[in-house]
Amino acid sequence: MPVKGELLYEGKAKRVYRTDDPDHYLVEFKDEATAFDGLKKGTIARKGEINTRLSALFFQMLAGRGIPTHFIEQTGPREMLVRAVDIIPVEVVARNIAAGSLAKRLGLAEGEPLKRPVLEFYYKSDELHDPMINNYHIAALELAAGDQVEAMEGYAWKVNELLTEFLKPANLVLVDFKLEFGLHHGQVLLADEISPDTCRFWDSTSGEKLDKDRFRRDLGGVEDAYEEVLRRVERLCLNLESVG
Ligand code: C5P
């Protein structure tokens with residue numbers, strides 16, 4: 001078992017620890033939830049466990065289909081061993097259907113399918129409240145090299161395709177999601193988490209929201225929604241031998 005060493009980073013939803021191997025970190029998922037730039041705070045029962053399991057399953061599925069990720073193995077109910085990365089301070093958001101900040105900014109009705117999917121970059125900075133940026137800003141601020149930005153874009157499009165198809169038989173629509181990438185010995189790896197905290201999942205029949213919007217918008221049934229996504233994804237994985 002990896003040894004939990006020095007706490008390297010504590011964010012809103014996770015803690016990252018060093019281990020006895022300089023190439024590996026341990027990520028611990030918390031039940032705490034925040035929204036609106038930290039203004040809204042709360043706890044979602046079992047969120048840490050659910051997001052650990054879901055992230056593990058998604059990362060394994062994606063790794064099996066050619067996306068390099070930081071994930072190594074789940075080491076506890078709310079803990080995973082990952083490759084040590086330096087996070088690139090750029091959040092990559094992919095969108096298939098208008099929702100959230102895009103619907104608001106462009107005056108689109110929430111739920112309107114986009115004619116073609118959209119990718120956006122945001123500068124990861126609490127101080128600046130994660131402003132939206134483009135490739136020019138990334139280059140000007142030297143947040144990532146040109147080939148690293150290309151890699152992030154390519155992986156984000158591929159993840160969008162793979163995850164959208166993967167979730168279809170579970171009656172889940174992938175509305176939008178946010179990815180983070182990190183550098184491990186110079187290689188761009190998909191990092192962070194993939195969960196109802198970072199994706200919008202809608203039931204494809206009822207349109208019911210099964211993600212963090214239930215918390216953000218006080219819709220109730222937050223825990224049940226997270227549990228439901230996990231149940232459906234676990235069922236999918238049981239049916240797919242390729243995912244461990
Ligand atoms: O709020 P917005 O509509 O821009 O969010 C787009 C997607 O990115 C949503 O799935 C949301 O959960 C995710 N996101 C995130 N972390 C952020 C901002 C957005 O996971 N800091």
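## Ligand site

A polar side-chain atom of Arg-216 is placed 2.9 Å from an oxygen atom of the ligand, a polar contact being a pair of N or O atoms within 3.5 Å; within protein, one must be able to donate a hydrogen and the other to accept it, and residues adjacent in sequence count only if both atoms are side-chain atoms. The protein buries 80% of the 450 Å² that the ligand exposes when taken alone, with accessible areas from the Shrake-Rupley method and a 1.4 Å probe; for residues, only the protein chains shown count as cover. This is a predicted model, in which local features need pLDDT of at least 70 and side-chain atom pairs count only at pLDDT 80 or more, whereas totals for chains, interfaces and linings use all residues. Residues are numbered from 1 along each chain as its sequence is written, and side-chain values use heavy atoms, with hydrogens and water left out.

Asp-176 also contributes a polar side-chain atom, 2.6 Å from an oxygen atom of the ligand. At Asp-197, a polar backbone atom is 3.5 Å from a ligand oxygen.

## Shell around the ligand

The ligand is surrounded by 15 residues, of which Arg-95, Ser-101, Asp-176, Arg-200 and Arg-216 are the closest; a residue is near the ligand if one of its heavy atoms lies within 4 Å of it. By class, the shell holds 8 charged, 4 nonpolar and 3 polar residues. Here Asp, Glu, Lys and Arg count as charged; Ala, Val, Leu, Ile, Met, Phe, Trp, Tyr, Cys and Pro as nonpolar; and the others, Gly among them, as polar.

Two or more shell residues come from each of β9 (90-97), α2 (100-106), β12 (172-184) and β14 (199-203). Helices (H or I, at least four residues) and strands (E, at least two) are DSSP runs, numbered from the N terminus.

## Lys-40

Lys-40 lies in strand β5 (residues 40-43). Lys-40 counts as buried because its relative accessibility is 18%; buried means under 20% relative accessible area, exposed over 50%, and partly exposed in between (1.4 Å probe, protein chains only). Its side chain forms a polar contact of 2.6 Å with the side chain of Asp-218 and reaches the backbone oxygen of Phe-215 at 3.3 Å.

## Helix α1

Helix α1 (residues 47-64) is largely enclosed by the rest of the structure, because 13 of its 18 residues are buried. Just after α1, Gly-66 adopts a positive phi of about 95°.
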